[in-house]
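The points are grouped by topic for reading alongside the coordinates.

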Amino acid sequence: MATELIVIRHAPALDEGRVAGRRDVAAALPDVTALPDVTALAGRIGAVDGVLASPARRCIETARALWPGRAIAEDAALWEQDFGDWEGLPRTDLPDLGPLSAAELAAHAPPGGESFAAMCARVAPALDRIGALGGRRAVVAHAGTVRAALALAIGSVPGALAFQVAPLSLSRFLWLGSGQWAVIGVNG
């Protein structure tokens, strides 16, 4: 049974220019300029059989804006990458890692955090569980979660780091069976 999985990155985070992987910051949804984007996105998504979200406030707020009054299931496996000691640092203060290959970057874990490869290993079983449900499923999560889904579909954890994932964008996947995914579209 094939499942269409629609993964939506949350609305812009009110992170004040600081790393917010696991920090629980709000989404910029109260700003009326963001609301037309949310309404348009909801129209492009159409009907879904279920909605899941990362427990992060920015994801729950985005999901509620897209589907007002609908039950939103939460799955902790969908959280963004844990940036450990870098959480809350201004992005301009992040250390320069020097030249790293995509494979080295995927394997690098910030002090006290997790690598992108470890995040992909955490997210993959959750995405397979959702895929096994059938129908059209929506997930509201993070850029890292979208990249983890891309890593599954393209068969390359380092290769998924090449994708930019915009706020309020949707990426669509087709679940073909345990661990087997196809990309329908990215950043729509």
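The model is predicted. Within it, the side chains of Ser-54 and His-142 are joined by a polar contact of 2.9 Å.

- Ser-54 is located in the loop that runs between β2 (50-53) and α2 (57-66).
- With a relative accessible area of 0%, Ser-54 is buried, because the buried class takes in values under 20%.
- Leaving aside residues up to four places away in sequence, Ser-54 touches Cys-59, Ile-60, Asp-75, Leu-78, Trp-79, Val-140, Ala-141 and His-142.
- Among these neighbours, His-142 also provides the side chain for the 2.9 Å polar contact, and Asp-75 takes part in a salt bridge with Arg-129.

**Salt bridge between Arg-136 and Glu-4**

- Arg-136 and Glu-4 form a salt bridge through their side chains, with an N to O distance of 2.9 Å.
- Because Arg-136 belongs to strand β4 (residues 135-141) and Glu-4 to strand β1 (residues 3-9), the pair ties together parts of the chain that are 132 residues apart in sequence.
- Arg-136 is partly exposed at a relative accessible area of 24%, whereas Glu-4 counts as buried at 13%.
- A network of salt bridges links Glu-4, Arg-136 and Arg-172.

**Salt bridge between Arg-129 and Asp-75**

- The side chains of Arg-129 and Asp-75 meet in a salt bridge of 3.2 Å, N to O.
- This pair links distant parts of the chain, 54 residues apart: Arg-129 is in helix α4 (residues 116-131), and Asp-75 is in the loop between β3 and α3.
- Arg-129 counts as partly exposed, at 48% relative accessibility, while Asp-75 counts as buried, at 14%.

**Salt bridge between Glu-114 and Arg-122**

- Glu-114 and Arg-122 pair through their side chains in a salt bridge with an N to O distance of 2.6 Å.
- Glu-114 counts as buried at 14% relative accessibility, and Arg-122 is partly exposed with a relative accessible area of 21%.

**Position of Asp-85**

- Asp-85 is placed in the loop between β3 (73-74) and α3 (102-107).
- A relative accessible area of 55% makes Asp-85 exposed, since that class covers values over 50%.
- The C-alpha atoms of Asp-85 and Gly-112 are separated by 5.8 Å, although the two residues are 27 residues apart along the chain.

Definitions and conventions:
Residues numbered from 1 in each chain as written. Predicted model: local features only at pLDDT ≥ 70, side-chain atom pairs only at ≥ 80, totals over all residues. Heavy atoms only, no water. Helix = DSSP H or I, 4+ residues; strand = E, 2+ residues; numbered from the N terminus. Buried < 20%, exposed > 50% of the residue type's maximum accessible area, 1.4 Å probe, protein only. Polar contact = N/O pair within 3.5 Å; in protein donor to acceptor, adjacent residues only side chain to side chain. Contact = heavy atoms within 4.5 Å. Salt bridge = Lys/Arg side-chain N within 4 Å of Asp/Glu carboxyl O.
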